[in-house]
Amino acid sequence: MVVVKTTRMASGPIAGLPLGKDPADVRRRIEAMEKLLERAFVIPGTKQAVGLDVVLDLIPGIGTTIAAAMGAYLAWEARNLGMSKTAIARMAGNIGFDWLLGMIPWVGAIPDFFFRSNSRNLKIIRKHLDKHHPATVTVDQVG
């Protein structure tokens, strides 16, 4: 008897992202969110990648709060994976620090080039997934 596992896929603007709760699906979703927030596009004439986190920081107050809420999604997924409270607290600290920096009107976008809280949080989650769910490991491709 062959058992085939099917994964429900999202439709619309997030088409192709799985909606399942298994660690492989979570990995794909959090990697997509991190890319959207930190590396969505490259500034023309440079090799500097930026995402919505920097763009939203240009809207004083509310933009930074929206970016922090989107970043909190990574911590929520980490909680659903059963990660330790210590790891989730580190992630919350990264989000909070990024939010505080972003609250500085206009200038707050500059630190986002150097302190990428979502990339740091992705690294924390990947470490957990690689240790506790090795079947989800993916090979990063350059490009």
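## Helices H4 and H5

In this predicted model, helices H4 and H5 pack at an angle of about 170°, and their axes are 9 Å apart. An axis here is a line fitted to C-alpha atoms over the stretch in contact, and angles between N-to-C directions run from 0 to 180 degrees. H4 and H5 are therefore roughly antiparallel to each other, a label for angles over 145 degrees. Helices (H or I, at least four residues) are DSSP runs numbered from the N terminus.

Which residues make the contact between H4 and H5? On the H4 side they are Ala87, Arg90, Met91, Asn94, Ile95 and Asp98, while H5 brings Ser117, Arg120, Asn121, Ile124 and Ile125. Contact means heavy atoms within 4.5 Å. Sorted by class, this contact holds five nonpolar, three polar and three charged residues. Ala, Val, Leu, Ile, Met, Phe, Trp, Tyr, Cys and Pro count as nonpolar, Asp, Glu, Lys and Arg as charged, and the others, Gly among them, as polar.

Two notes on reading the model: residues are numbered from 1 along each chain as its sequence is written, and side-chain values use heavy atoms, with hydrogens and water left out. Because this is a predicted model, local features need pLDDT of at least 70 and side-chain atom pairs count only at pLDDT 80 or more, while totals for chains, interfaces and linings use all residues.

## Helix H1 and its partners

Helix H1 spans residues 23–38, and its axis comes within 9 Å of the H5 axis, crossing at roughly 165°. H1 and H5 are therefore roughly antiparallel to each other. From H1, the residues in this contact are Pro23, Arg27, Ile30, Glu31, Glu34, Leu37 and Glu38. H5 answers with Ser117, Asn118, Ser119, Leu122, Ile125, Arg126, Leu129 and Asp130. Here the classes come to six nonpolar, three polar and six charged residues.

H1 also packs with H3, at an angle of about 160° and with the axes 10 Å apart. H1 and H3 are therefore roughly antiparallel to each other too. In H1, Val26, Arg29, Ile30, Met33, Leu36 and Leu37 meet Met70, Gly71, Tyr73, Leu74 and Glu77 in H3. Eight nonpolar, one polar and two charged residues take part in this contact.

## The cavity

The structure holds one cavity of 30 Å³ or more. On a 1 Å grid, a cavity is a set of points where a 1.4 Å probe fits but cannot get out, and lining residues have an atom within 4 Å of a point. The largest cavity has about 30 Å³ of space, the volume being what probe spheres set on the points fill.

Around this cavity sit Ala67, Ala68, Gly71, Ile95, Asp98, Ser117 and Asn118. H3 (62–80), H4 and H5 each give two or more residues to the lining, and H3 has the largest share, with three residues. The lining includes three nonpolar, three polar and one charged residues.

## The second largest pocket

How many Å³ does the second largest pocket have? Its volume is about 260 Å³. A pocket is an open set of points with protein on both sides within 12 Å along at least five of seven lines. Met83, Ser84, Thr86, Ala87, Arg90, Arg120, Lys123, Ile124, Lys127, His128, Lys131 and His132 line the second largest pocket.

Two or more lining residues come from each of H4 (85–102) and H5 (117–132). H5 gives the most, with seven residues. In class terms, this lining has five charged, four polar and three nonpolar residues.

Terms used: Angles under 35 degrees count as roughly parallel, over 145 as roughly antiparallel, 65 to 115 as roughly perpendicular and the rest as oblique.
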